[in-house]
Each structure stands twice: as C-alpha cells, then as structure tokens.
Amino acid sequence: MTAASSPDQVSGQPGVGPAAADLTPGRPIVFRNATMLTMDDAHHVLHGADLLITGDRIAAVGPGLQVPEGTAEIDATGGILMPGMIDTHRHMWQTAMRGYGADWTLTQYFVWNYLQWGKSFRPQDIYAGNLLSAIEAIDAGVTTSVDWSHGLQTTDHADAAVDALEEVPGRFVLAYGNIQQGPWEWSATPEFRDFVNRRFSSGNDMLGFQMAFDLGAPVTTHAGVRGATGDDGIRLMYENGFMTPSTIYVHAATLSADSYHRIAATGGSASVSTESEQSAGQGYPPTWKLREHGIAVSLSMDTSVWWSADLFSAMRATLSADRAREHLEAHGQDETVTHHYLRAEQVVDWATRGGAKALGMDSLTGSLEPGKKADVVLIKNDASPVMFPLLHPYGHVVFQAGRGDVHTVVVNGRVVKYDHHLMDVDLGKARQVTEQTVDYLQGELGPDAWNEGMHPEIPEARVLENPYTYTYTEDQGPVS
Ligand SMILES: [Zn+2]
C-alpha cells in the first residue's frame, strides 16, 4: 500500500496495511476488526471480528485472534467481510462484445448469436471473452463463476475457454455447450471425450465441469424461458430421470405449478438472472413463485452483452423485482403490502451460500467458517461517503455497496485483489485480445450489420389523445 512498509511492519499497525508485494501466496493473512457476514447456517453477523487464513483455508473466525508470526494483517475496520460471491450462469465467451446488445430482446439475441454471428467466433475470440470475464469476476468479488459456455463449436474452442480460465486465479466451472449442434451430436465425439479427459481429470476444485444442455438433459439447462423452453422440457426430463438435486434450472421463469413441483420434489435449484429476465423477456423474475414451492435459489448475471456482471446488481435487481411483484399482486386485489417477505439477508445468502449449494460445493465455499476454502471478499472504501454509517450490513451490501467498493478478494487462500487493485492479472493482455476480437467481428459483419445489430428498430410509439390543452404565457400565466 505504501512504499515505506516492509515485511517487518505488516503486523499490528492499525490502519496501515501490508504492501501488496508482501501478500505472497502461502503467507498467513488475518483480516482485523470486520463487520462479518459469516453466512453460516445461523447467519451469524459478527462485529469487530477477525478472520485468519492459513494455506488455502479459513483457519479461525472470531474477535482478537492470535495469529502465527509473520501473518499479514489487513485492517477491515469500517468494512464488511463476506464470502466470495458465486455466479451460477454466465456466458463468459460473449464478454468481448460487452454492452453491444444493451437494447436487445431475447429474439435479437437469438438471431445474432444462434443464427447469424455466433458461428463466426474463433477459438481466440472465446479466449478473449473468457479472459476478460474471468478477470471482471474476481475484480467484483465473484470468486466462483459457472462459465455457461455454449459457443464451443469445436474442442479447439473449448481448449481456448479453459486456457483463459486457468490464467485467472478465480474458481470456475466450465459448463460445456454448443449452440450450433444438438448435444447428442457434440457430446458423442471422440474429440469431446478426449477434451474432458485432458482438461478435467485432475480433480482440481478450482476448475469444475458441467454439461450445458438445453431442451434436454442436466446438469444446467435454460428452463422456463418464454417462447423457448417450457413445461414439456421439464416433463421429459422428469420422466427420463434427468432431474436431480444437482440440476440447475436457469431462469425458471415461465413454468406451470406442476413443473415447479417436479423441480422441488427432485431437489434441483433455480439460477435467477433478474437483470436478464427483466429486459430480455424470459418471464418475470421468479423468486416470488419459487418460494411458494420451496425451490432453492442462486443468482447469476447471464451475459455482459447486455448487463453488468457483478452480483451487487443481481442482488439489488432481484430484491427489487420480488418486492415490485408483491406490491403489484396486492394492488390487483386492492390490498397493501405492509411487510416485505423477501429480505436483504436472503438475497445475500442466494449470492453466496445459495450458489455453493447449487453447485454441490457447500462443503468447500459459500460461508466464512473454519475449515472452508478461503474465498473471501472485503467491502471497504474509506474514500466513499456511502460506506458509513454501517447500520444494516445485509442492506448495505445489497443497496449501498457496489463493485467499486470491493477492497480485497481472496480465492483459495490467495489474495487476487488488494486495496482496490488486482494482483497477478494481465489486464493489458485482456484488453489487447479483446480489441483483436472486436476488430475481427467488425470486419466479419461489415459496418451496416454491425450498426443494425447494435441498434434494433424501435417500434412506433403510440401517444394517447390528450383531452386537455395547456399553454403558458409570461403575462397571463397558465391559460387553458
Ligand atoms: Zn443464459
């Protein structure tokens, strides 16, 4: 942090943190004096608490911890310490086209990616998107991301996706998919089996594997997407024994009660991408329905082609959409909601523990408890007027804090961001490969298709006849 600090000074000086260079992998780390959202089973919130990391694990949690000699101390005073956030569905390969589809509907997304231009992506374009997205994730405190990678037209594309994920010190799950072929085609090839054997046989918990199928089988599937996948898909999966506790139903927004019953009965969970459902049109963000069926929830961002890729936005949008629906339903009955059902605490759970449970990683990550892997986020920003007073820590995370307040991120015991700066990450390289992909795709599309893709036609707006006229003159005031 300061040029003057040396390894000898890193302990015990309140307010003065270690230099970034001193946070070497393997060195024990202690966060001091945090407001801590443990997200343990009882959701304990600790005040003035410390958290000690040794190796890749959380060693101890509590006030005034004794720590091994040489431990680096990070002052968490005024900050919130929470588990690393978990995104259970993100199409990372699309990130090189960040923001391009801001005004798209789902139809425009499907046409652009599935029918027109998705097949233009080369392995190096998948690499560029994944590299940028992976860096973005850890920068925003998302320590585990499911890369819902359905742009893998060949195993060369898949190798490129994994190369990028392995370059960034986050925890990732590759969900393998290919929108250009049926899953029965690509998953049956010898190249696919060879890829899985080569890249996923080590049992490394930093990089997991899922199958990303739609309209078919598990483990993660876009289900309940209005106009695309619906109750028939759920019924077929159920009848063929494909619904298991590890199945993640992405969006799950437009399903019948019967489908929700089947999901609940088989123990699966929903990955809710509220920003996505709100603007693409898969259906209303379903948390208000899911709770009627006792279906577990995790959160996700879907794609940076449209939306932000930080879970602060996901938490905020999800809480707001749920409450908006409650009010709307009540007003339809001429009733008033006097007490909100969904609380900030619950959406913080969904962004952390809910994701860990959905991915079968709950024994590994998702809460700040001794013995778990050290995936930890410190939200602290002494330069911000928004970080005090800190009265309702869950509410502060959801409605006050943002990605710019992420001070320190630890993944698997390694500090990957400290004092608001990423460590050991080559952002310059990510910028360069992203520029190359954008240049290439601009060339493939040509200027007209590029512009049309970014700016879909606006339907004609109908302005209602107004029975009133209103004019204002300086002399006479309002005249009607
Ligand atoms: Zn998606």
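Where is Gln 66 found?

## Gln 66 and the model

Gln 66 is found in the loop between β3 (57–62) and β4 (72–75). This is a predicted model, in which local features need pLDDT of at least 70, side-chain atom pairs count only at pLDDT 80 or more, and totals for chains, interfaces and linings use all residues. Residues are numbered from 1 along each chain as its sequence is written, and side-chain values use heavy atoms, with hydrogens and water left out.

Gln 66 counts as exposed, at 75% relative accessibility. Exposed means over 50% relative accessible area, buried under 20%, and partly exposed in between (1.4 Å probe, protein chains only). The C-alpha atoms of Gln 66 and Leu 52 are separated by 8.9 Å. Along the chain these residues are 14 apart. Helices (H or I, at least four residues) and strands (E, at least two) are DSSP runs, numbered from the N terminus.

## Arg 90

Arg 90 lies in strand β6 (residues 85–90). Arg 90 is buried, with a relative accessible area of 1%. Contact means heavy atoms within 4.5 Å. Leaving aside neighbours within four places in sequence, Arg 90 is in contact with Ser 133, Ala 137, Val 142, Val 146, Asp 147, Trp 148, Met 301, Asp 302 and Ala 309.

## Helices α2 and α3

Helix α2 (residues 123–139) packs with helix α3 (residues 155–167) at an angle of about 25°. Their axes are 8 Å apart. Axes are lines fitted to C-alpha atoms, for helices over the stretch in contact, and angles run from 0 to 180 degrees between N-to-C directions. α2 and α3 are therefore roughly parallel to each other. Angles under 35 degrees count as roughly parallel, over 145 as roughly antiparallel, 65 to 115 as roughly perpendicular and the rest as oblique.

On the α2 side, the residues are Pro 123, Ile 126, Tyr 127, Asn 130, Leu 131 and Ala 134. They meet Asp 156, His 157, Ala 160, Ala 161, Asp 163, Ala 164, Leu 165 and Glu 167 in α3. By class, the contact of α2 with α3 has 9 nonpolar, 2 polar and 3 charged residues. Ala, Val, Leu, Ile, Met, Phe, Trp, Tyr, Cys and Pro count as nonpolar, Asp, Glu, Lys and Arg as charged, and the others, Gly among them, as polar.

## Helices α10 and α12

Helix α10 (residues 311–332) and helix α12 (residues 393–400) pack at about 100°. Their axes are 7 Å apart. α10 and α12 are therefore roughly perpendicular to each other. From α10 come Phe 312, Met 315, Arg 316, Leu 319, Ser 320 and Arg 323. From α12 come Val 397, Val 398, Phe 399 and Gln 400. The residues of this contact divide into 6 nonpolar, 2 polar and 2 charged.

## Strands β8 and β9

Strand β8 (residues 171–176) and β9 run parallel, joined by 5 bridges. Two strands pair if DSSP finds at least two bridges between them. Val 173 has Gly 208 in β9 as its bridge partner. Of the 5 residues of β9 (residues 207–211), 4 are buried, so the strand is largely enclosed by the rest of the structure.

## The four-strand sheet

An open sheet of 4 strands has the order β10-β11-β12-β13, with parallel pairing. At its edges are β10 (220–223) and β13 (296–299), each pairing on one side only. Neighbouring strands are turned by 30° against each other on average, direction ignored.

Strands β11 (residues 248–251) and β12 (residues 269–272) share 3 bridges and run parallel. Val 250 stands opposite Ser 271 in β12. Helix α11 (residues 344–358) packs on the sheet and touches β11, β12 and β13. The direction of α11 makes about 105° with that of β13.
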